[in-house]
2 protein chains.
Amino acid sequence: MANSKLYKGSLSTIILKLLDEEGKMYGYEITQKVKQLTKGELKITEGALYPALHKLEAEGLLDVEVAKVDNRLRKYYKLTEQGEKETVNRLAELEEFIRSMETLLNPKWKLL
Amino acid sequence: MANSKLYKGSLSTIILKLLDEEGKMYGYEITQKVKQLTKGELKITEGALYPALHKLEAEGLLDVEVAKVDNRLRKYYKLTEQGEKETVNRLAELEEFIRSMETLLNPKWKLL
DNA sequence: CAAATATACATAAATTTCTTATGCATAAGT
DNA sequence: ACTTATGCATAAGAAATTTATGTATATTTG
């Protein structure tokens with residue numbers, strides 16, 4: 001996998017948001033969903049994803065449930081109650097960041 | 001200084017964009033400008049800013065010019081020709097990232 | 001006028017987060 | 001048979017930042 005440009009810090013928020021929308025997902029599914037939704041612009045690498053999932057779980061924001069499909073293992077993650085609250089916070093933070101970036105990138109202030 | 005949430009990777013692009021708009025700026029001025037434009041949402045710390053400026057200079061994207069104002073030192077930075085080209089690229093990348101994030105955060109896809 | 005704040009640069013240690021490189025295993029396509 | 005897709009995982013290294021300092025001058029404030 002080559003370039004993706006994720007801007008460090010946004011990954012866990014993306015995960016939380018997807019789980020909030022989809023209810024439950026497993027790791028591989030998340031990588032494919034992000035690739036599909038962003039038309040290949042964002043590629044979540046496994047080396048980033050799995051540690052991130054484990055961390056979110058350790059923080060008590062995710063619950064895991066193991067399933068076996070076609071003799072292959074899947075680990076389904078879903079938000080805990082605490083995870084849902086934290087999702088709200090992180091989304092607000094990320095959206096605030098995006099608004100700030102747009103302010104900087106669309107310099108209406110140049111006119112002032 | 002407390003929270004700012006810069007999302008690693010965006011700092012150098014912010015610097016390049018500001019210099020593209022303002023022509024030339026010195027470090028401290030950049031921190032204040034970002035704080036002002038984002039109404040305090042984004043705070044560039046000095047520990048991040050100065051190494052970033054030095055790196056951009058080392059990469060040949062910035063030129064420096066030292067000035068003394070009120071017996072205090074200022075290092076004015078401005079884009080080199082190469083810096084102007086690179087600014088275009090990095091802005092495009094960052095805007096692409098923002099579009100991707102908005103796709104993920106505003107799930108019209110939930111309706112599909 | 002002494003102390004605090006603002007201006008202005010800088011660097012180093014530690015932390016966080018990610019990339020790259022592996023590794024294992026099963027299923028499906030060619 | 002071989003490659004690609006599915007599915008998990010970890011470790012080493014790189015990159016970008018935070019936090020903590022350090023130095024120095026100017027201005028504001030009690």
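**Salt bridges in a predicted model**

Lys17(A) is buried, and Glu21(A) is buried as well. The model is predicted.

**Exercise 1.** Describe the salt bridge between Arg90(B) and Glu59(B), and state whether each residue is buried, partly exposed or exposed.

Solution. 
- Step 1: Check the contact. The N to O distance is 3.6 Å.
- Step 2: Arg90(B) sits in helix 4 (residues 81-105) of chain B, and Glu59(B) in the loop between helix 3 (46-58) and strand 2 (62-69). At 31 residues apart, they link distant parts of the chain.
- Step 3: Classify. Buried means under 20%. Arg90(B) has a relative accessible area of 17%, so Arg90(B) is buried. Glu59(B), at 32%, is partly exposed.

**Exercise 2.** Work through the pair Arg99(B) and Glu96(B) likewise.

Solution. 
- Step 1: Their closest N and O atoms are 2.9 Å apart, in a salt bridge.
- Step 2: Both lie in helix 4 of chain B, three residues apart, so the separation is about one helical turn.
- Step 3: Arg99(B), at 46%, is partly exposed. Glu96(B), at 24%, is partly exposed too.

**Exercise 3.** State how many salt bridges there are over all chains, and name the members of a network in chain A.

Solution. 
- Step 1: The count is 11.
- Step 2: Salt bridges link Lys55(A), Glu59(A), Glu86(A) and Arg90(A) in a network.

Terms used
Residues numbered from 1 in each chain as written. Chains lettered and ligands numbered in written order. Predicted model: local features only at pLDDT ≥ 70, side-chain atom pairs only at ≥ 80, totals over all residues. Heavy atoms only, no water. Salt bridge = Lys/Arg side-chain N within 4 Å of Asp/Glu carboxyl O. Buried < 20%, exposed > 50% of the residue type's maximum accessible area, 1.4 Å probe, protein only. Helix = DSSP H or I, 4+ residues; strand = E, 2+ residues; numbered from the N terminus.
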